[in-house]
Amino acid sequence: MKRLKLPQWLVLLLPAIIILSAVVLIPLVLSLYSSFTSYRLTRPDSIFNWVGLFNYEKAITDAKFWAAFGRTVLLLTVALNLEMLLGLGIAIMVSKVTRGQRLLRTMMMFPMMFSPILVGFQFKFIFNDNVGLVNNALQSLGITDTAIPWLVDGNLAMFSIIFAEVWTSTSVFGILILAGLYAIPRDPLEAAKVDGCTALQSFRYVTLPFLMPFIYIAMAIRSLDVARAYDIVQIMTNGGPARRTELLWTLIGRTGYVDARMGYANAMGYISIFLAIFFTVYFFKKLTKSRQELGMGM
Amino acid sequence: MAQVHLRNVVKKYGPLEVVHAINLDIADGEFVVLVGPSGCGKSTTLRMVAGLEAISGGDVQIGGRVVNDLPPRDRNISMVFQNYALYPHMTVRENLGFSLHIAKHSQADIDKAVNEAADILSLTPLLDRKPGALSGGQRQRVAMGRAIVRDPEVFLFDEPLSNLDAKLRTQMRVEIKKLHQKLGSTIIYVTHDQIEAMTLADRIVIMRDGHIEQVGTPLEVFENPINTFVATFIGSPPMNLLDGVVKDGQIEFADGTRLPVPPGYFTDEGQAITFGVRADNIMPVGHALPRGEHMAEVEMTVDLTEPLGTETLLFAVLAGTEVQAKMLNPRPVHRGERMTFQIMLDKCHLFDAETGDTQKK
Ligand SMILES: Nc1ncnc2c1ncn2[C@@H]1O[C@H](COP(=O)(O)OP(=O)(O)OP(=O)(O)O)[C@@H](O)[C@H]1O
Ligand SMILES: [Mg+2]
């Protein structure tokens, strides 16, 4: 019997191919395929029930899906901008500190060291209307005597979530912008002083253009993060009250695992991924452009 | 009018004093060059004039006004930095016009000033490029253009040519000199290159370790160095220095060689002195300038030659010290050849061996 003779390159690549197929390719293909079926976790044989684009049509016409989509975009926009501004402020202040800067830099990282689940629980407690820190503080200070329903009122709940999100992740911006500040050459800043700039003008015309690449990198990283936001929201409000804080992935998670409609969940997932891809591509484009502005090439 | 005066100006970094109470008066329109070895405080001094470095003591006056507490933008100065310090995200045009833009001049004014400066420095074809797309020499010109556009009372240059190759440096040196003649502004120029200092300056300020050693025109500091430091720092090759003792009204070196005291210098019997002679003033007999009034002759063995074409540098040993001499109308000289050299005593120098200060009467 003749032994099957594979070309050498294929043999060498085979382990990589097998591993990649197992962990990436097969799940990807399977989930894509199942999004065209009426696959339900409770009825495994439904995975062979081909329904064509039905799931996608359903998602696109589903108001709940678009509400979650819009809310995710809102969270993304508000949180990212807030984090950018706060991070910029913190980075500038830290960079001006002459003593204990290392300690401050380390402290800046603290929020990033906690699991988002824990942060979620923490803020769930902080914003709790009966025993929460915020309400207790407000009541003790006599600012209010009612229990403000932070996590129960729709708008306030969204605010609380954004607050928690900003608290955890401002330091991503802070650290990256600080790195940017350290990387700015001293000469152009001095030239700007001689050219007549006030501190504010120096910042606007010299510092900021140098920081933009760092800001866009942070934006790209964080937009991916927020677009897949799940844990903090799941813990703090579970998408409630009455779906008023439902984001894309809490909706998808609920649809897939609670309602067991995996085919539909996968279809929504594939649509949602475009959101993340869109923001990432957008910020990387901006990044490349801002680097070109600085004459840094690609 | 923009004279610049430094009055007992001190710079301290913490407890470390790097500029020690220096005094300097610069006239309107004068081209002054600060020169000295690395780390002597030239940049620090210049940056104190610019307002980029706080002044720890004394006063800096520009145009009769004490500017100690004024930020750079209120001092009416321009500065050209060693690394050009261009704004990388702006085109050449924007770089040039930036200061006027900040000062809220009209676009027409800005365009006019930018085009004029670009014209002077032949930057017109480059106006729409970014600094990243320019050569070192072109960036240097943009940096100068940016300074010109401001039309300041005082220009400050911090080693603007040190990143250029030798040829370009010579070329830019001429450009800067022309520019000064054209604009007539006061210029303070820092360099550690004594040739740049000699060729550019109306007056040279020689610094060492945060002190000013000597101030004078290029010829003054070349011909009458106030101490051995200036003597060896200015001029190329550096002045030969030989240690000796005054004996019987003559200078005696370690090996017993004697030379007369150069005219115009005082000595005390038995004093330890340093005798200074430049290569131009010690030449082999027959290959020298016509004999002057005060001459002396010594014999030396040639160790090494450096033919330069019109002349040859000879390295020989006199009284145990290596001496550089110059040979005009050179002929081939072989190693170990013994030659008689004539020394032009009128052009020689005497310094106190201990302090290094000149013994000039
Ligand atoms: N920020 C600082 N802190 C402490 N010492 C400093 C600081 N900046 C400069 N110095 C010291 O001050 C002295 C003068 O520095 P300066 O930059 O003026 O030298 P320089 O004459 O311009 O030298 P170079 O020709 O190398 O540029 C140096 O000994 C330097 O070490
Ligand atoms: Mg310097």
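Here is a short chat about one residue and one ligand in this predicted model.

Student: Why is T207(A) called buried?

Tutor: Its relative accessibility comes out at 9%. Buried means under 20%, so T207(A) counts as buried.

Student: Where does T207(A) sit in chain A?

Tutor: You'll find T207(A) in helix 9, which covers residues 199-227.

Student: What does T207(A) touch, leaving out residues up to four places away in sequence?

Tutor: L181(A), I184(A), L189(A) and S202(A). They count as contacts because heavy atoms lie within 4.5 Å.

Student: On to ligand 1. What makes S38(B) a polar contact of ligand 1?

Tutor: An N or O atom in the S38(B) side chain is 2.5 Å from an oxygen atom of the ligand. The cut-off for such a pair is 3.5 Å, so this one qualifies.

Student: How much of ligand 1 does the protein bury?

Tutor: Taken alone, ligand 1 exposes 630 Å², and the protein buries 59% of that.

Student: Which helix gives the most to the shell around ligand 1?

Tutor: Helix 1 of chain B, residues 42-50, with three residues.

Student: How does that shell split by class?

Tutor: Six residues are polar, three are nonpolar and two are charged. The shell's members include E159(B) and K42(B); Glu and Lys count as charged.

How values were computed
Residues are numbered from 1 along each chain as its sequence is written. Chains are lettered from A and ligands numbered from 1 in the order in which they are written. This is a predicted model: local features need pLDDT of at least 70, side-chain atom pairs count only at pLDDT 80 or more; totals for chains, interfaces and linings use all residues. Side-chain values use heavy atoms; hydrogens and water are left out. Helices (H or I, at least four residues) and strands (E, at least two) are DSSP runs, numbered from the N terminus. Buried means under 20% relative accessible area, exposed over 50%, partly exposed in between (1.4 Å probe, protein chains only). A residue is near a molecule or strand if one of its heavy atoms lies within 4 Å of it. A polar contact is a pair of N or O atoms within 3.5 Å; within protein, one must be able to donate a hydrogen and the other to accept it, and residues adjacent in sequence count only if both atoms are side-chain atoms. Accessible areas come from the Shrake-Rupley method with a 1.4 Å probe; for residues, only the protein chains shown count as cover.
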